[in-house]
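Welcome! Let's take a friendly walk through a protein structure, one part at a time. Keep the picture in view as you read.

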Amino acid sequence: MPSRPLNRICYVEDDEDIQRIARLSLERVGKMTVEIIGDPTAAIAAMAAFRPDLVLLDWMMPRMDGPTLFRAMKQRPETSALPVVFITAKASQVELDELTALGAVGAISKPFSPTELPNQLREIWAKLP
Amino acid sequence: MSQVAASDSVVRVSERGLSAGIRDRADPRLVLADRVDQLYGQMWLGIVATFAIGAIATFEFWSVGLRDLVLFWWGLVLLVTAATAGLLYAYRRSADRAEHADQWLRWLGIAALANGANWGFAGAVFFPSHTDEQQVFLAFLLTGMMSGGIPLYAASWPMFALYAAGIVAPFTYVLGTFGNRLFTEIALLVPIFYAVNVAVAYRLTQVFHAGYRLRHAYGKLTEDYSVLNQRLERQLGELEQARRQVEASGRKLSLFAERAPIAVLELDAQGIVTQVNPGAELLFGYAGAEIVGRQIKDRLVLPELRAEFDRQWAQLIESREPVSALKVRSPRRDGLQVVCEWTVTPLVNPEGTVIAVIAQGQDVTRQLEAERMKKEFTSTLSHELRTPLTSIIGSLQLINSGVLGDLTQDIGELTAVAERNGSRLLDLINDLLDIEKIESGKLTLAPEVFSLNDLVREALVLNRAFAERFKVRFEISSEIAGPPPEHKVHADRKRLLQVMTNLLSNGAKFSPDGGTVEIAVRERGRRVRVSVHDRGPGIPEAFRGRIFGRFAQADSTASRQKSGTGLGLAISKRLVEMMQGHIGFESREGGGTTFWFDLPRHDS
C-alpha cells in the first residue's frame with residue numbers, strides 16, 4: 001500500500017459529458033485533484049506536466065485508443081511507472097484478462113457510478129505495492 | 001433376408017439330388033409293388049394255359065383208364081384254376097395292393113406251389129401206368145409247363161423255384177424209383193435241368209428288378225427336377241422384382257439430388273468430380289461438364305486453401321468417417337465467392353475401400369453475413385448505448401446524492417424516477433447482451449471455488465436496498481444462520497451473483513407489502529441447493545411452461561406493474577446450466593413460489 005493517500009488523478013476521455021461527470025465525481029465526492037485530458041495524442045506530455053498518482057484511460061477513443069496510448073506510456077520514462085486503470089464499456093472476461101495482461105492495475109466498467117468511483121479507485125490504490 | 005434363405009435351400013436340394021445314387025432315389029417298396037403287379041398282370045395266361053392243357057391231358061388220360069384218379073386230378077385242376085382266378089380277382093379289387101405287396105407275393109407263392117404240385121401229381125400218378133407214347137406226352141407236358149413258368153414268374157425267381165419244384169420233385173422221385181436205368185439217368189438229369197432253369201429265372205429277376213428300380217429312380221429324378229425348376233422360376237421372379245425395386249429407388253435418389261436446392265457432388269477417392277446436380281451448377285455458376293472429370297480443388301477451392309484441402313481430404317479417405325458442418329469459402333465461375341456448409345460422406349464397400357464421396361453443400365453466405373451484422377450491431381449497442389447512459393445515469397446519481405446541493409422535494413422525486421428508469425434501460429441492455437453472448441456461445445465463465453453461503457450473504461447485502469423499496473424483508477433460514485457447513489462449489493462467482501440477484505429481486509417484486517422472502521441453502525446428496533421462497537400470488541398455471549423463455553412475463557396487470565426485462569430467468573437458467581446446475585420452481589397459484597437452483601458440491 002502506497003504511503004500517501006490517493007489524490008492526483010489524470011483521466012483521458014474524449015466524451016465531454018463524461019469528462020464533466022467524472023470531474024464532479026472525483027472533485028466533489030472524492031475530494032481529489034483532477035486533470036482531464038480530451039486528446040489522447042497530447043496525453044503523455046500533459047501527464048508529465050501534471051504528475052498524477054494514478055491514470056484513468058478510456059478504452060475506445062478516436063485517433064488513438066486506450067491500449068495504444070497505454071503501450072506508448074510504457075515506452076516513456078516519465079510515464080512508464082504510472083499505475084493505469086481502464087474505464088471501458090467492454091466487460092467480458094476475455095477483454096478484462098487482456099487488460100491485466102497489458103499491465104493495467106484495474107478495470108472499471110461503463111457506465112460507472114459517480115458516487116462510487118472515488119471509492120473504487122481508492123480500493124485499487126490500497127492494493128498497490 | 002428371406003430371399004437369401006430360399007436360395008440356400010435350393011442349392012442344398014439340388015446338390016443332394018444330383019449327387020445321390022439311383023438306389024437312394026428308388027423306393028424299394030414301390031419297386032416290389034411293381035414286380036408283384038407284373039406277376040399278377042400275366043397270371044391270366046397261366047390260368048388259361050393250366051385250364052386248357054389240363055383239359056387236353058384229362059382227355060388223353062381218360063382214354064387209358066384209372067378214371068377215378070383222372071376225375072380227381074381234373075377236379076384238382078379246376079380247383080387250382082378257380083382259386084388262382086379268385087386270387088387274381090381279389091388282387092385286382094384291392095385298393096391298397098401296393099402297400100401290401102409282400103402279402104400278395106406270399107399268396108401268389110402259395111398259388112404257384114399248388115399249381116406246380118398239381119402238375120407234379122399228374123406226372124407221379126400217371127407216368128408209371130401208361131404206355132411209352134403217353135409217357136413221352138407226359139414228359140413233354142411237364143417240361144413244357146416248367147419252361148413256360150420262366151417268363152410267367154420271371155419277376156420273382158423264388159416263385160418260379162417253388163412252382164418248378166412242385167412239378168419236378170414228385171416226377172423225379174417216380175423216375176428214380178421206376179427201376180429202369182434210362183429213367184434213373186433222367187431222374188439225375190432233371191434236377192440239373194431244374195437248377196439251370198432257376199438260375200435263368202434268377203438272372204431274369206435281377207434284370208427286371210434293375211429295370212423297375214431304374215424306372216422309379218427316373219420318375220423321382222424328373223419329379224426332383226421339376227420341383228427345382230419351379231423354385232428357380234420363383235427365385236428368378238423375386239430377383240426381377242428386387243431389381244425393379246433397386247431401379248426405382250435409384251431413380252428416386254437421383255430425383256432427390258436433381259431437384260434438391262443444395263449442391264450435391266459425387267467424387268471418387270482421388271477427389272475427381274464424377275457427377276454434379278443442377279443445384280451445384282447454379283451455386284457455383286459452372287456447367288456440369290466444366291467440373292466433372294476434374295479435381296474439385298482446381299475449381300471450387302481457393303488457391304491459398306488447397307494445401308489445407310489436401311490434408312483434410314487425406315484424413316477423410318483415411319478415416320472413412322463422414323464430416324459435417326464444414327464451412328468453406330469457394331470461388332464461383334464469375335469471380336465472386338460463396339461460403340458453403342458441407343456434409344461430406346465417404347461411401348465404403350464391404351471390403352473397406354472408399355468407392356465414392358458424396359459432398360452436399362448449402363450456401364450459407366447470407367447467413368454468415370447476417371451473423372456478422374448481428375455481431376456488429378451488438379458491439380455498437382454495447383458501446384453507443386452505454387456511453388450516453390453513463391452521462392445520463394451519472395448526472396442523475398450526482399444530483400440525487402446531494403453533493404451538488406439540496407433539491408426541492410418535487411425535483412428530487414423526479415430525478416429519482418429518471419435515475420431508476422435509466423438503470424432499467426441499462427439492465428435491459430445488459431440482459432440483451434448477455435442472452436446474445438450465451439446463445440452465440442461467446443459467454444465464457446471464470447469458475448473458482450467459493451462458499452455458497454458467503455455468496456448468498458453477499459447477494460442479500462447487494463439487494464437489500466431493492467427489497468426495502470418494495471417493503472420486503474429477506475430472511476435466511478436457520479441452517480445458514482447457525483454455525484454453517486461451508487457448501488463449497490466450483491462456479492463463476494460473478495455470474496452466480498447475477499442469478500441470485502435475479503431470484504431475490506423477483507421474490508421481492510412479487511411479495512406482498514411487509515412480506516418476507518425466505519432464503520435457504522441445503523445439501524441434497526452430492527449437490528447444494530439454494531431456494532428463494534416468496535409469499536406472492538404464485539405463478540399462473542398457463543404461464544409455468546414458458547417461464548424460462550425469453551421476454552417471459554405473466555400476462556397480468558399485476559406483473560406488468562412490477563416491470564423487469566423478462567430476460568432474467570432465461571439468462572439465469574442458461575447460466576446455471578453452464579455451471580452443471582439445475583434450476584426450477586414450485587408454485588401454487590395464490591400460495592407463493594419457491595425458485596431454486598442447485599450445483600454439484602465441490603469436495604476439496
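Predicted model: local features only at pLDDT ≥ 70, side-chain atom pairs only at ≥ 80, totals over all residues.

Now for chain B as a whole. Its mean pLDDT is 85, and 92% of its residues reach 70 or more. Among the elements of chain B, helix α1 (residues 2-19) has the lowest mean pLDDT, 44, while strand β12 (residues 593-600) has the highest, 93. The model scores ipTM 0.86 and pTM 0.51.

## Where the two chains touch

How many residues of chain B are in contact with chain A? There are 18, and they meet 18 residues of chain A. On the side of chain B that touches chain A, helix α14 (residues 365-401) of chain B gives the most, with 13 residues. That side of chain B is made up of 10 polar, 7 nonpolar and 1 charged residues.

## Two helices side by side

Next, find helix α4 (residues 43-62) and helix α7 (residues 132-153), both in chain B: their axes come within 12 Å and cross at roughly 175°. Because of that angle, α4(B) is roughly antiparallel to α7(B).

Which residues make the contact between α4(B) and α7(B)? From α4(B) come Leu45(B), Gly46(B), Ala49(B), Ile53(B), Ala57(B) and Glu60(B), and they meet Gln134(B), Phe137(B), Leu141(B), Gly148(B) and Leu152(B) of α7(B). The contact of these helices counts 7 nonpolar, 3 polar and 1 charged residues.

## The nonpolar cores

The largest nonpolar core holds 41 residues, and those with the most contacts inside it include Leu39(B), Leu142(B) and Tyr153(B). Several helices of chain B give two or more residues to this core, among them α4, α7 and α9 (181-259). The largest share, 12 residues, comes from α8(B).

Take a closer look at Tyr153(B). Leaving aside residues up to four places away in sequence, Tyr153(B) touches Leu39(B), Ala112(B), Met159(B), Phe160(B), Tyr163(B) and Ala201(B). There is also a second, separate core of 36 residues, which includes Ile9(A), Phe86(A), Ala107(A) and Ile399(B).

How values were computed. Residues numbered from 1 in each chain as written. Chains lettered and ligands numbered in written order. Contact = placed C-beta atoms within 7 Å. Helix = DSSP H or I, 4+ residues; strand = E, 2+ residues; numbered from the N terminus. Nonpolar A, V, L, I, M, F, W, Y, C, P; charged D, E, K, R; others polar. Axes fitted to C-alpha atoms, helices over the stretch in contact; angles between N-to-C directions. Parallel < 35°, antiparallel > 145°, perpendicular 65-115°, else oblique. Core = buried A, V, L, I, M, F, W, Y, C linked by C-beta atoms within 7 Å. Buried ≥ 20, exposed ≤ 12 C-beta atoms within 10 Å, placed from the backbone. pLDDT = per-residue confidence, 0-100.
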